[in-house]
Amino acid sequence: MNYPETLNYLYSQLPMFTRVGSSAYKADLTNTLALCALVDNPQDKFKSIHVGGTNGKGSTSHMLAAVLQTAGYKTGLYTSPHLRDFRERIRINGEMMPQQAIVDFVADHQANFETIEPSFFEMTVALAFDHFAKNNVDIAIIEVGLGGRLDSTNIITPLVSIITNIGWDHMNLLGNTLPLIAGEKAGIIKPNIPVIVGEYQRVVAPIFEQKAEQEHSPLTFASERWDIEVVTKSDNFLKVNATPKPTTDNRQQTTEYQLDLTGSYQLKNVKTVLTTVEELRKQGFNITDGHVQTALKNVQGITGLQGRWQTLSTNPLTICDTGHNPEGIQEVLKNIASVKYNQLHFVIGVVNDKDISKILTMLPQDASYYFCRPDIPRGLDALNLQLQAHEAGLKGEVYASVKEALAAAQAAAINNDLVFVGGSTFVVAEVV
């Protein structure tokens, strides 16, 4: 098979969660362990950092990869889902995995796939780990796919375990309370491995404290470690001052960082990144403040990250963001509120296996909405979305595709209007 045929095989033979939903989710590590055993357990051949949580784990993973790469380390990066190209999921020093390497991996192991019957995600994890091991990366940043305890990535023993935060997402699989969801996310905490939790949230902090104590794992809440102050904000960069909170050594040196990821929610992620850098330094990594400053100024260029409060055009001003659960949408709305505009044109599409009622009640009723369906099997019919939105007091028209909705919004926008595109990662994937 050539590369397009190989991708077709993977998408059709192996259930893909992002396309078909919970029927593709296998809450079991057996298949991943079996696949990795076939390729000589590559997960044991490189150092890693494990990044889980509800929101921010993608941005945090990319920032850390940029920092380590800038510091001179050969850095693997495994994330999901991809926006446009499957190979976005697997990178080394920012370079996507070669097409031929994917073709060869599938060709070599296709017979085993048919015996083991892995999910798409299980296969992709084995593929990524094999790629990182064969290329002798110094370290790999591994983003959790879904949950933590039973996620396919949870066969690694990392140098640091990171959990960004806990929010309402995938409740049908992880539990219908925040403590239950936190319990699943806490499953990546390993014995004697330092754990960094990005946000201290009173309702779930005890879950992490108990798990960390049980595993004898040093625990740090990044939000309690750093003070971050915004110095300047523009469409292209966010300049901040970061000051560590007083500790026993009483050093409180303030450092200025310029971020090319300008969403206000990145302030939380930066605290997590800086706390992780402190831990890596303790473990012998040579990472200077200069490395961190250079990396954070050019995360998108170094790693290829897209879709995080990304400006698509300036006339009219058009911005997209992948935030898609209540906490993510809340951050999106904060960013929208920071923009000066006359009228908001909101291009929105969602998936069909999530309760969107809470999200719809959060959205501004004075915006003009352009309802569309992301082009995946899980996409919610745009007319259905419009009906639910109308019940929440939101008004707008239905469009046949994301691109038609965006074109209509941009055509309707006049001077000083804002066009926003979001609601789902898969909507953003069609416009970046």
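1. Strands, as the word is used here, are DSSP runs of E with at least two residues, and they are numbered from the N terminus. Please keep in mind while reading that this is a predicted model.

2. In one of them, from Asn315 to Pro316, omega is near 0°, and Pro316 itself sits in the loop that links strand 12 (310-314) with strand 13 (317-320). The other runs from Ser80 to Pro81, with omega near -5°, and here Pro81 belongs to the loop between strand 2 (75-78) and strand 3 (90-92).

3. Trp309, although not a glycine, has a positive phi of about 40°, and its place is in the loop between helix 12 (299-303) and strand 12. Trp309 is buried, since its relative accessible area is 5% and the cut-off for buried is under 20%.

4. Asp40 is likewise not a glycine and has a positive phi, of about 65°; this residue is found in the loop between helix 3 (30-38) and strand 1 (47-52). With a relative accessible area of 52%, Asp40 counts as exposed, because that term applies over 50%.

5. The largest nonpolar core comprises 40 residues, and Ile49, Leu68 and Ile287 are those with the most contacts inside it. Leaving aside residues up to four places away in sequence, Leu68 touches Ile49, Tyr73, Thr75, Ile139, Ile141, Leu280, Phe285 and Ile287.

Methods
Residues are numbered from 1 along each chain as its sequence is written. This is a predicted model: local features need pLDDT of at least 70, side-chain atom pairs count only at pLDDT 80 or more; totals for chains, interfaces and linings use all residues. Side-chain values use heavy atoms; hydrogens and water are left out. A nonpolar core is a set of buried Ala, Val, Leu, Ile, Met, Phe, Trp, Tyr and Cys residues joined through side-chain atoms within 4.5 Å. Buried means under 20% relative accessible area, exposed over 50%, partly exposed in between (1.4 Å probe, protein chains only). Contact means heavy atoms within 4.5 Å. Helices (H or I, at least four residues) and strands (E, at least two) are DSSP runs, numbered from the N terminus.
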